[in-house]
Structures are given as C-alpha cells and as structure tokens.
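Biologist: I have a model open on my screen and would like to learn how to read it. Could you take me through it?

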Amino acid sequence: MACGETITEPLMVAAIDLGTTFSSYAFATRGDFKDDPTKISSYAWSTGSQPGLSLKTPTCILFDKVQNFFAFGAEAEDKYSELAQEEDHIHWSFFRRFKMQLYDKQEISRDFMLVSENGCFIPAMKVFSESIKYLKTHLENHINSKTVCIKPQEIEWVLTIPAIWSDPAKQFMREAANTAGIPNSRLILALEPEAASVYCKNLPVDRTVCSERKSALEVFSPGTKYLILDAGGGTIDITVQEIKPDGNIKQIYMANGGDWGGVKVDQAFEEFLTDMVGMETMEVFREEDKLEYLSLCREFEMKKRDIRPDSKAKCTIRVPVCLIERLQDVKGMSLKEVSSSNKSIVWVGDKLRLDAETAKSFFTEASRQIIDHISGIFEESAVIGTEAIVMVGDFSESPMLQEAIKTAFPNMTVIIPNEAGVAVLKGAVQFGFNPQVISPRIGRFTYGVSTNKRFRPHTDPEDKKQIVNGIMYCRKRFGKHVERGQSIEQGEVSEQQTYNPLTADQNRIILPIYVSLSIDPQYVDEEDCTYLGDLEVDMSDIQGGCEREVVVGMRFGGPDIAVEAIVKATGEIVNARFNCLR
C-alpha cells in the first residue's frame, strides 16, 4: 500500500508491556500478521553495563534535578549508579518496580505521588506516562530506522495490564497512555493472561515445552479447558478459558491472582541476608549505599535464573564490600562471625556461597502461595474438566516454579512456550488485530449505581425515605447492571436501567457506581459494597422537565468499562462518561 493512501483499519499493531521488573514492546504489520500470526518483531535491548542483549529492559526510570525525564531501562540504572558513585544522585529521582504501586488499590487519585529510591516525590501519572512515552517513541524510531512506511495514525496501540487490577488502576493506565501521546481512539487495553492465551493458541507445537499427557495441539482444540498461569515479576494473573468451536476463546472463570511474582523470591533472599546481618545493618546499607544495593539486586536477579530443582552445586553471589563494612560499623562483627553457626553458607572474600537447598528455599513461599491458590480454583464447579496449565510470564521461565507446578498437579498437562517471558507481549500484538477473539468474559463483581427509586412501604428502611416534590423515594438503592460471575459477551450492553432527573432544570445526572461481591445487593451501603466512581450523563436539553428519561447501559465485555446513554423518547445518544479516579 502506498504512503498517504486512505485506510480503514490500522496497518500496524504495536504492543507495550510495562512490567514490574522488565518492559519492552513488539509490533507487526497487518500483512505479516495475515501471512503468519507468529511473525512479530521485537527489540534486542542492551543490558547496559552487563554483557549481552535481552528482549526486555529493566523497568527503571530516571528524572534529573528539575524532574525532567532523563533515561529509562538499563540506561537509567547505569546513569543512576554513576551518579551515586560520584555522590551526585541526591536530587535526581530514580524509580524501579513502581508498577506495583497500582496493585490492589481500590482508590486512586490522579495526582497521587510516588517516592523515588532516594526520597524524592514525583506524580505517579508522570512516572507512568513518561515510561510509556519512552517505549512508544523508541518503537517509532526503531520502525523509522527500518524505513517502514507507517504513519503514527496508522498504528493501533495495545497496552498490557494485569487482569486482577481494579477498575481505577485500569483507568489510570489508560490516562497515562493518553498523556504519553496515545489517544483512546487508537488504544486497546489487553489483559495479560488473555494476551498470553492468544499467543499460545497460535504457536506451532514445536515452539512449546509440553508434559507428556497431551500435546499443545490437543490442548488448544475446541472444547478443551485450560488454566492460564501468568507469573510475572510482581503479580500472578490466573484465568480459566475454553476453546470455542470457531477457534475463539471464552473465559469460564473470573480473573484472579495475587502479588506472588518473582519479586517474592528477591524478598526471600533479602530476608535471608537481613536475618544474617540484622535489620539495622540492612537499612543503613539500603539508604547509604544505593549503588551497591542496586548492584546486589542485579546480581541476584541474574543468579536466581540458574537455580534448578536438580542443582547440587553451591550458588555463589558477590556481596558488596560496603555491606561487610556496614556490618562491622553497626555490630562490630565480620560476616564470617555472624554466620559461623550456619553450615549452609560459606564466605570466600566478598563471595557468599550458598548450598543448593538454601538457594532453592527462596522459591518456597512464592511457589506455595501460587499452588494453594490454583488448588482452590480447581475445586470450583465451573472449572471441572480443566485439562492443562499454560505457564507464561518471566517467572514462569524459572525451572523452580515449573517443577513445583508439575509436581503439585501431576494429572495436568503443563505447557510452557519457549519464549514464556514475552508471551504476553507478543500475544498482545495478536490480540490487537482481533480483540473479539476473547468472548465472553466472566464478571468479577456485581456492578450497580446508587439510585433514588420509589419508596416501597414495608420493604425499604424508613431512614432511607426521602420526599422530593411530594413523591416518596428510597435513597441509596443498588441499581444492578451486571452480576458477579455473569458471562458477558464482547460489546454486550449490560442490563439497561432508566433514570430521571429529580428536578425540572437538572442538566446532568451523576450516578455513583458501586461494586459488590454479593450477587444481589439491595442498598449501596451494605457491608460488602464499595464505592467505585461516578457515571455522569449529559441532560443539557431540559425539555420535558422531570419526565425526561435516559436509558443507561454499561459494556463490561472488554478489558475495561465503557458506557452508553440514550434519551428514551428520541433515541438520541448523549454524552456519558465513567470516572473512577479521585
């Protein structure tokens, strides 16, 4: 197709995976995707001061002394290390693993602040949007360097997000992408385990590692149910899906998971060190020797990848000399003295040599939490007949986690794609070409609005009675739109509700949105109901006064919530927006 020719669909899909520990991007042209869905391009990142190349770069960002963006990824790590060496890092702002700040947050403000490694405050929206902007710009420059004739408006962008994130977190990421220069008209959010599922379904059999019970081809045949285990650096995302007769995918169990990702292994190692040298020594080391602390984190990140279930050899980790010095300053003891009673470790100079069983133990707690959670899912009636576990994500590349899953679920076929760490990223590109491939989805909550309905004597509580223009209303009734566990098709409008203004000159209706774990809540102030945000509907045409009716429906079949509102009398579509950020 020639440059400048009018198109009706994007010529390219580009996906950005901003992960907890590592990030990257991938892309494909429509022509390549039609020829071969697995023909997806990515970028080989320099690992900075470390040797070699990688398909991902560390999720680290650096701002200068006046809080302007300076660097991202390995470049940010190296520059911050250089500044710390020269003791010139005090007023710079360095962030790592900041994505976890959005995990499990039910209330998020647009202007909430993040604290950098050295105690500086920067708005979270700026940190996230600059990170996305960097990856977006890097991708565009990379494409231009290949002389590919693609204009910015011809690219559809896909941003991956954990399926277990709250609606406010999803909206925050969408707005961060908007701020980074990606308009909503060219932005799709992809739930990470869903993207990985699409990727695995399209993979040839010879590009997966599969246990002996079933082949990958059989697992992704119509009627087969399988559990997707997306084990990332920060979170574990799990969903259960089934292949439909047409080859598309339907969700049969709601997205779930927890914060049991690869970072838990790092934390276990740090707790091991802290038990050895003491909390005070470790805190001083983290605060006063940031360069060396970062170096130790990098060292363990590389070493943990080589820890295997059948390992017999000791695991050797270089420990910064300054930690040894801090221990001497705080406790007046050497590392050999504080660890003399522990026969599982040996000190040789600045090298900590751990016996194999101790090194493996760092994976125990994270693996146990994941296995316990999956075991609970398999007890649910909805997932009876599940035949396989598909492991994706950076943490899924760990031989320790792979063996733990296979041992815990011997009757399951376990499938691990050769590039498990980029399954989400590349699957997001494929998802961008066909977002309808996942449908239906299962609602995680019951959603509804706080409404004023006609008062029901002997049913509604007297303390909720409100009289407006001589009419008795019941305040805080839960106007349900979708139920927890409900199967919702892609693009399906939930149960529509009709609303009226309370006064003749009211020019907008604001409907507070609530979520609940109950199937049929009656009032929004019940114990398990939580305020989510507001739905605002334009009613600027005041003709008809209080008799005006607007029909509101919410679309829950996609990764995030969409809204539509229609004037009942005329069929006119009016502006409606959903906001769950404070």
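Modeller: We'll go from confidence to overall shape, then to one residue. This is a predicted model, where local features need pLDDT of at least 70, side-chain atom pairs count only at pLDDT 80 or more, and totals for chains, interfaces and linings use all residues. Residues are numbered from 1 along each chain as its sequence is written, and side-chain values use heavy atoms, with hydrogens and water left out.

Biologist: What pLDDT does the protein average?

Modeller: pLDDT is the predictor's confidence in each residue, from 0 to 100. Here the average is 90, and 95% of the residues score at least 70. Residues 1-7 fall below 50, and beyond near neighbours in sequence that stretch has six contacts in the model (contact means heavy atoms within 4.5 Å). Where pLDDT is low, the predicted coordinates should not be read in detail.

Biologist: Is Ile-61 buried or exposed?

Modeller: Buried means under 20% relative accessible area, exposed over 50%, partly exposed in between (1.4 Å probe, protein chains only). Ile-61 is buried, at 0%. Leaving aside neighbours within four places in sequence, its contacts include Phe-69, Phe-94, Val-127 and Ser-131. Across the protein, 54% of the 582 residues count as buried.
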